[in-house]
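Good morning, and thank you for coming. I would like to take you through one structure this morning, beginning with the whole and moving on to particular sites.

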Amino acid sequence: MQPANAAGSYDMTSQLPGATGTPLWLLAELTYRCPLHCVFCYNPLDFARHEKELTTAQWFDVMRQARALGAAQLGFSGGEPLVREDLEELIGEAHRLGYYTNLITSGIGLTEARIARMKDLGLDHIQLSFQDSTREMNDFLSSTRTFELKQRVAKLIRQYDYPMVLNVVLHRHNLDHVGRIIEMAVEMDVDYLELANTQYYGWALVNRAQLMPTREQLQRAEETVNAYRKKLGNRLRILFVVPDYFEDRPKACMNGWGSVFLAVAADGTALPCHAARSLPGMDFPNVTTQSIAGIWRHSDAFQRYRGSDWMKEPCKSCPDKKKDFGGCRCQAYALTGDAANADPVCGKSGHHNQIGKIVFDAHATQTRQKDMNVQPLVFRSKANSLGFAAQETNGGCKEI
Ligand code: SF4
Ligand code: SF4
């Protein structure tokens with residue numbers, strides 16, 4: 001599965017951060033196991049060294065505690081959540097606790113028997129991801145043969161009366177297919193199509209030079225989307241998420257750190273954002289040793305970038321600091337080396353010119369690729385993950 005951005009695919013913009021801070025959204029990353037190998041996967045590069053997974057009883061406890069704290073929406077994600085054999089049990093318990101539940105899936109492993117059972121158990125929503133409208137590109141980017149399988153799953157989702165929510169991650173290799181992707185969505189009777197341009201975290205950051213589109217590509221795609229919006233009206237709602245690197249103001253990442261969003265990773269690590277594991281010097285708490293309330297209210301990890309007291313200039317004195325919270329901490333770290341800096345996507349950041357250079361360099365690799373020594377795409381695999389983990393242990397893996 002692939003959430004659209006660092007806030008997942010959830011629209012949290014309508015949620016006001018609670019005054020005391022309530023984790024309205026719980027993202028349960030049930031497992032890092034996944035049959036696909038997407039080049040833009042947002043899972044941590046070293047996912048293979050976090051193989052331990054919470055048990056069914058531990059997840060029940062997490063859901064109960066988070067619900068008691070005010071969490072109302074629950075996303076089951078991963079990796080691929082369907083590889084967990086207890087997924088149905090977890091869905092049933094979540095429904096019993098009163099959550100609105102969302103399964104975020106690549107579709108691989110969703111049989112008719114399983115979807116029927118999930119429906120009975122009260123699953124509210126399914127978000128299915130495709131990599132492209134063509135079998136060739138879908139299968140290439142995920143390094144699997146899964147296109148037809150996903151098409152069958154799309155039919156099952158419809159057959160079982162779920163709203164059809166389709167997510168496609170966009171980048172250089174499929175932005176020019178956006179019209180065909182929309183046509184595919186119409187054929188599949190999709191209600192809501194999320195066209196999420198790649199955000200550069202995790203594996204996408206490693207593959208950034210290969211995935212970054214040109215500004216012209218992006219403009220063409222946006223024009224196509226707008227033309228289809230006019231033509232299709234309410235028949236298909238299309239969300240087009242522009243990549244950060246082409247903006248000059250950052251997004252309100254996570255609606256503010258430790259504000260409304262709580263992710264629990266497969267091994268029980270609690271995170272204010274699912275990409276936060278990339279930040280060095282953070283001691284993220286684990287739900288197996290601390291209560292969710294304690295983690296949310298008192299842990300250093302959740303307090304570190306909460307509110308605005310931690311900010312440096314230019315954010316500190318900026319009138320927009322309560323609108324965008326200084327942008328994304330992971331992006332600030334990845335591009336400036338300091339997570340407390342303003343997100344360099346912001347035009348007011350002293351590091352903003354780096355963004356333009358990255359886009360320019362990526363364009364150069366695209367137009368002169370044959371003559372240049374460009375790193376080939378790195379697929380998300382256990383072997384590659386262990387390689388990254390080893391580099392990190394040896395003090396490498398810093399410069400991407
Ligand atoms: S490999 Fe693909 S399907 Fe699997 S978790 Fe990553 S992005 Fe999702
Ligand atoms: S300076 Fe900081 S708070 Fe102001 S717009 Fe930029 S990122 Fe947001």
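I shall describe the overall model, then an annotated site, a ligand shell and some backbone features.

Please note that this is a predicted model, in which local features need pLDDT of at least 70 and side-chain atom pairs count only at pLDDT 80 or more, while totals for chains, interfaces and linings use all residues. Residues are numbered from 1 along each chain as its sequence is written, and chains are lettered from A and ligands numbered from 1 in the order in which they are written.

Let me start with confidence. pLDDT is the predictor's confidence in each residue, on a scale from 0 to 100. Its mean for the protein is 89, and 91% of the residues reach 70 or more. Two stretches stay under 50: residues 2–20 and residues 395–400. In the model, residues 2–20 have 51 contacts beyond four places in sequence, and residues 395–400 have six such contacts; a contact here means that the C-beta atoms of two residues, placed from the backbone, lie within 7 Å. Where pLDDT is low, the predicted coordinates should not be read in detail.

Now the overall form. The protein has 15 helices and nine strands; these are DSSP runs numbered from the N terminus, with helices (H or I) of at least four residues and strands (E) of at least two. The C-alpha trace spans about 55 × 50 × 45 Å along its principal axes. The radius of gyration, taken over C-alpha atoms, can be set against a globule rule of 2.2 Å times the number of residues to the power 0.38. For 400 residues a compact globule would come near 21 Å, and the protein, at 20 Å, agrees with that. Of the contacts with a separation of 6 or more, 74% join residues 24 or more positions apart. Buried residues make up 47% of the 400. A residue is called buried if 20 or more other C-beta atoms, placed from the backbone, lie within 10 Å of its own, exposed if 12 or fewer do, and partly exposed in between.

I turn to the annotated site. Which residues does the UniProt annotation "binding site" cover? According to that unreviewed entry, they are Cys34, Cys38 and Cys41. UniProt positions are given in the numbering used here, feature names are shortened, and annotations may be inferred rather than shown by experiment. Cys34 sits in the loop between strand E1 (25–29) and helix H1 (56–69), and Cys38 is found in the loop between E1 and H1 as well. Cys34 counts as buried because 23 other C-beta atoms lie within 10 Å; for Cys38, also buried, the number is 24. Leaving aside residues up to four places away in sequence, Cys34 touches Gly78, Gly79 and Glu80.

The peptide bond from Gly78 to Gly79 is cis, with omega near 20 degrees, and Gly79 belongs to the loop between strand E2 (73–77) and helix H2 (87–97). A cis bond also runs from Glu313 to Pro314, with omega near 10 degrees; Pro314 is in the loop between helix H11 (300–303) and helix H12 (321–324).

Next, ligand 2. Around this ligand there are 14 residues, of which Cys315, Cys318, Asp320, Lys321 and Cys346 come nearest; to be near, a residue must have its C-beta atom, placed from the backbone, within 6 Å.

Finally, consider the loop between strand E7 (237–241) and strand E8 (261–264), where Met254 lies. Lys251 is in the loop between E7 and E8 too, and its C-alpha atom is 9.3 Å from that of Cys346, 95 residues away in sequence. Met254 is buried because it has 30 C-beta neighbours inside 10 Å. Its C-alpha atom is separated by 8.1 Å from that of Cys328, 74 residues apart along the chain. Met254 has a positive phi, near 60 degrees, and Asn255 has one of about 60 degrees. Most residues other than glycine have a negative phi, and most peptide bonds are trans. Thank you for your attention.
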